[in-house]
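Dear colleague,

I am passing on the structure below, together with some notes on how its parts are arranged. Please read the notes beside the model.

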Amino acid sequence: MKSRMETTEIVVGLDIGTTKVCAVVGEVDADGITILGVGNVPCRGLRKGVVSNIDWTVRSISEAIEAAQTMAGVEIRTVYAGVAGSHIRCHGSDGVAAISGGEVTRLDVERVLEGARAIPVDADRQILHVLPREFTVDNQDGIRDPVGMSGVRLGTKVNLITAATSCVQNVVRCAERCGLTVADVVLEPVASAESVLSEDEKEIGVALIDVGGGTTDLLLYVDGGIAHASVIPAGGNNVTADIAAGLRTPMGEAERLKRNFGCALGRMVGDDEEIEVPGVGGHPPRRTARRVLSDIIEPRVEEIFAVIRKRIEDTGLLEQLSAGAVLTGGGVLMEGMTEFAEEILGMPVRLGVPVGVRGITQLVAGPQYATGVGLVQYGANALAQARALTPVPPEVTRIDARRDRIVKEPRRELQEEMRIETKSGGRFWSWLRAAF
């Protein structure tokens, strides 16, 4: 049997958001993913999902990694980093490749995906993901996993996710200045989908809406594959700014009021409820109706969801989202968000929290941790795919007739070395017995 060190891997997801940096440490083994540690610190170095201050971002990343290392008891060197922002684009592409050997292998799938990504892109942009929607083998279409099928021609339809090269490089540079190696840069809604969506939802059609501090990410799944991805440059920070201006209170206090007393749907607030609003610039605090706070929040939330519905309608996929929508991200931690989203989007809506992991799950049991946990799950899947493509060392297979079972033997060179060592050992013991 293999030792524990040989059968487990440590995978770290680094969610660099507009309002926080979250590092999630997971241990991956044959039984799944175990969450070992979490580091979560505020961040002021990003604006609308894009790095705007390198030093502030580096400081937040260092603090989050240090906290996660202390909790998990491991040393973090490699991370999977998330990226977002309005610079994200989604394009469709096709690829075709010949099937070598008459049967589709993983290498054939990799070749056809490489062909699909061979399209011209602007010099200042790069391809983040090649997301297959379906495969075709000869004349048969609608195939999800073609490995093992017979044919001569393999085709695919994919969605290419592209990002501004400078924005991606800034994320990588911040991580490297903290002494980290970035294994991959992942679009944040793709990571969130790994942790909050079920395979059934992806199959019958679902919209993932990730409301962050600076951006709102939209991801549409149809027939098991990603059909659309886009980013809206508005999020929870816009709501906080409206509260600060409307109630004349500092931004920090506005965020606290939003978290503790905010409601996206005004009619859910009682007329007799009151809150205390801290003053700004030395002014004393004052009491006001909670309905006033809700009246400030509701128009901004309505605007965000209205833009999302317009994006979905423009894709022509609204009728195919039978599973409705899933809300996740720290921006949905307000009373009335799911009810208001159902009214505007016209579809069933649920709150998405990370699932499919073990360990200290109580620390990641909120929608604000969906991206961090999803990055760990994305990294675990990437490691599994890499192992599947790694060639197995050559072995000789023989049948042991005495026990009627198949035995894996080492290569002949290794057997020869073992035979020589055995002979040498035999001569040594003969000399020892003769001498004594």
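**Sheet and helix packing**

In this predicted model, four strands make up an open sheet in the order β7-β10-β8-β9, with antiparallel pairing (strands, E, of at least two residues, and helices, H or I, of at least four, are DSSP runs numbered from the N terminus; two strands pair if DSSP finds at least two bridges between them). The edges are held by β7 (89–98) and β9 (140–143), each of which has a single partner strand, so one side of each is without a neighbour in the sheet. β7 pairs with β10 (residues 153–164) in the antiparallel sense over ten bridges, and Ser 93 has Val 158 of β10 as its bridge partner.

Helix α5 (residues 188–196) packs against helix α11 (residues 370–389) at an angle of about 85°, their axes lying 7 Å apart (axes are lines fitted to C-alpha atoms, for helices over the stretch in contact, and angles run from 0 to 180 degrees between N-to-C directions). That makes α5 roughly perpendicular to α11, a term used for 65 to 115 degrees.

In α7 (residues 236–247), the buried residues, meaning those under 20% relative accessible area with a 1.4 Å probe and protein chains only, include Val 239, Ile 243 and Leu 247. Arg 248, which follows α7, has a positive phi, near 55°.

Residues are numbered from 1 along each chain as its sequence is written, and side-chain values use heavy atoms, leaving out hydrogens and water. Because the model is predicted, local features need pLDDT of at least 70 and side-chain atom pairs count only at pLDDT 80 or more, while totals for chains, interfaces and linings use all residues.

Best regards

Conventions. Expected span 1.5 Å × (residues − 1). Buried < 20%, exposed > 50% of the residue type's maximum accessible area, 1.4 Å probe, protein only. Parallel < 35°, antiparallel > 145°, perpendicular 65-115°, else oblique.
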